[in-house]
Amino acid sequence: MIYKITLIPGDGTGPEISEATRRVLDSTGVEIDWEIAEAGSDVMEKYGTPLPATVLDSIRKNKVAIKGPITTPIGSGFRSVNVALRKELDLYACLRPCKYYEGVKSKYTNIDLVVVRENTEDLYAGVEFQIGSRETAEIIKLSNNRIRNDSAISIKSISRTATEKIVKFAFEYAQKNNRKKVTAVTKANIMKFSDGLFYEVARSVAKDYPDIEYEERLIDNMCMQLVQKPELYDVLVLPNLYGDIISDLCAGLVGGLGVAPGANIGEDIALFEPVHGSAPKYKGMNKVNPVAMILSGALMLDYIGEKDAAKKLENAVAQVIFEKRVVTYDLGGTAKTSEMADEIIRKIREV
Ligand code: NAD
């Protein structure tokens with residue numbers, strides 16, 4: 001079977017790690033017909049937008065895509081292409097496995113947890129009102145003046161629909177991947193309505209999965225627990241903003257951004273990408289670690305049903321990291337991006 005898959009190289013160091021990832025994925029023997037779709041700052045001039053319609057068309061058609069990181073200018077310029085893709089394609093679940101690979105420099109060694117982050121609502125939806133605007137004044141009035149007059153306002157909304165979808169996704173993932181426990185994380189003692197609803201829905205969904213343990217943690221306690229005893233946790237499910245922060249915390253626990261893969265998944269479309277950004281200062285230097293995107297590729301192989309190839313790829317990455325002979329600077333080596341990819345390909349072929 002030949003899979004048609006969209007590849008978005010991205011910008012900054014994106015094209016270098018994308019090329020490495022494409023070569024590694026091709027070496028697994030899974031036949032992929034790549035459709036390259038350009039997005040990001042490098043195509044702004046050519047198309048007048050960082051996200052040409054052809055990119056969305058390609059993903060909608062192929063249903064599966066993998067992308068390198070894309071720069072988001074701060075303050076001015078275009079809004080985040082990454083957020084736009086998730087919104088446009090309704091990729092409601094963000095999946096971030098955080099696993100320790102022996103050989104990575106990290107304070108922790110016994111970690112294998114998965115963060116499932118809701119991707120479409122919460123404070124992240126960008127529903128905001130500026131200081132001094134008419135709408136802001138109305139909301140201040142509605143709050144019985146509990147909000148100061150000189151405030152800017154961002155709305156946190158948590159819906160039953162989105163919560164049900166994300167918690168179901170977490171339990172389904174746990175079931176399919178032999179995981180034992182799902183922990184829902186919020187601050188429901190303070191945000192009794194919004195985060196309270198998240199818990200109410202999560203408890204109800206949990207009843208449909210009696211074989212999987214369900215528990216709850218408050219986000220502040222969760223942060224401390226993850227630093228002190230991360231090995232106690234398995235699958236975490238969180239609203240958007242807490243999920244964003246905890247994902248990076250967990251990436252830090254397993255040795256940093258260079259090894260943290262991710263996936264954004266919707267009803268019938270999935271987009272795979274590393275957690276890290278475009279690291280623009282290293283652009284064109286063939287220097288950064290390609291593993292986060294390569295492991296995102298392993299998640300993609302697993303998603304399309306190529307489970308053996310996914311496992312073979314992950315084992316090859318683990319072996320290269322363990323041997324530490326041909327690894328990039330962040331893992332304590334001197335290898336180039338392309339050399340580390342070559343070494344992973346060698347390991348895949350050895351199996
Ligand atoms: P970043 O992740 O690009 O880089 C931060 C630092 O982490 C780098 O300077 C580097 O030291 C290290 N790093 C990152 N990736 C690495 C890798 N593969 N190998 C080795 N070291 C690596 O974060 P940033 O500097 O905050 O963001 C740069 C740009 O990327 C911003 O415009 C941001 O908006 C964007 N961004 C995009 C995505 C995405 O495409 N999904 C995600 C996060 C950030």
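Q: Which residues line the second largest cavity?
A: This is a predicted model, and its residue numbers run from 1 along the chain. The lining of the second largest cavity is made up of Arg 86, Cys 94, Arg 96, Gly 262, Ala 263, Asn 264, Glu 273, Pro 274 and Val 275.

Q: Which element gives the largest share of the lining of the second largest cavity?
A: Two or more lining residues come from each of strand S4 (93-99), strand S11 (261-265) and strand S12 (270-274). With three residues, the largest share belongs to S11.

Q: What is the volume of the second largest cavity?
A: Sorted by class, the residues around the second largest cavity are four nonpolar, two polar and three charged. The space that they line has a volume of about 30 Å³.

Q: How many cavities of 30 Å³ or more does the structure hold?
A: The second largest cavity, at about 30 Å³, has been described above, and the space in the largest cavity comes to about 80 Å³. For cavities of 30 Å³ or more, the count in the structure is two.

Q: Which helix supplies the largest share of the lining of the largest cavity?
A: The residues that line the largest cavity are Val 83, Arg 86, Lys 87, Arg 117, Asn 119, Thr 120, Tyr 124, Ala 125 and Asn 240. By class they divide into three nonpolar, three polar and three charged residues. The largest share, three residues, is supplied by helix H4 (residues 81-88).

Q: Which residues that line the largest pocket are the closest to its centre?
A: The largest pocket holds about 940 Å³ of space. Of the 30 residues in its lining, the closest to the centre are Leu 95, Tyr 173, Asn 177, Leu 299 and Asp 302.

Q: How many charged residues are in the lining of the largest pocket?
A: At least two lining residues of the largest pocket come from each of S4, helix H6 (160-176), S11, helix H10 (291-303) and helix H11 (307-323). Domain 1 and domain 2 each provide at least three residues of this lining. By class, the lining of the largest pocket has 17 nonpolar and two polar residues, and the number of charged residues is 11.

How values were computed:
This is a predicted model: local features need pLDDT of at least 70, side-chain atom pairs count only at pLDDT 80 or more; totals for chains, interfaces and linings use all residues. Side-chain values use heavy atoms; hydrogens and water are left out. On a 1 Å grid over the protein atoms alone, a cavity is a set of points where a 1.4 Å probe fits but cannot get out, and a pocket is an open set with protein on both sides within 12 Å along at least five of seven lines; lining residues have an atom within 4 Å of a point. Grid points are joined across faces, edges and corners, and a volume is the space filled by probe spheres set on the points. Helices (H or I, at least four residues) and strands (E, at least two) are DSSP runs, numbered from the N terminus. Ala, Val, Leu, Ile, Met, Phe, Trp, Tyr, Cys and Pro count as nonpolar, Asp, Glu, Lys and Arg as charged, and the others, Gly among them, as polar. Domain bounds come from an automatic or database domain assignment.
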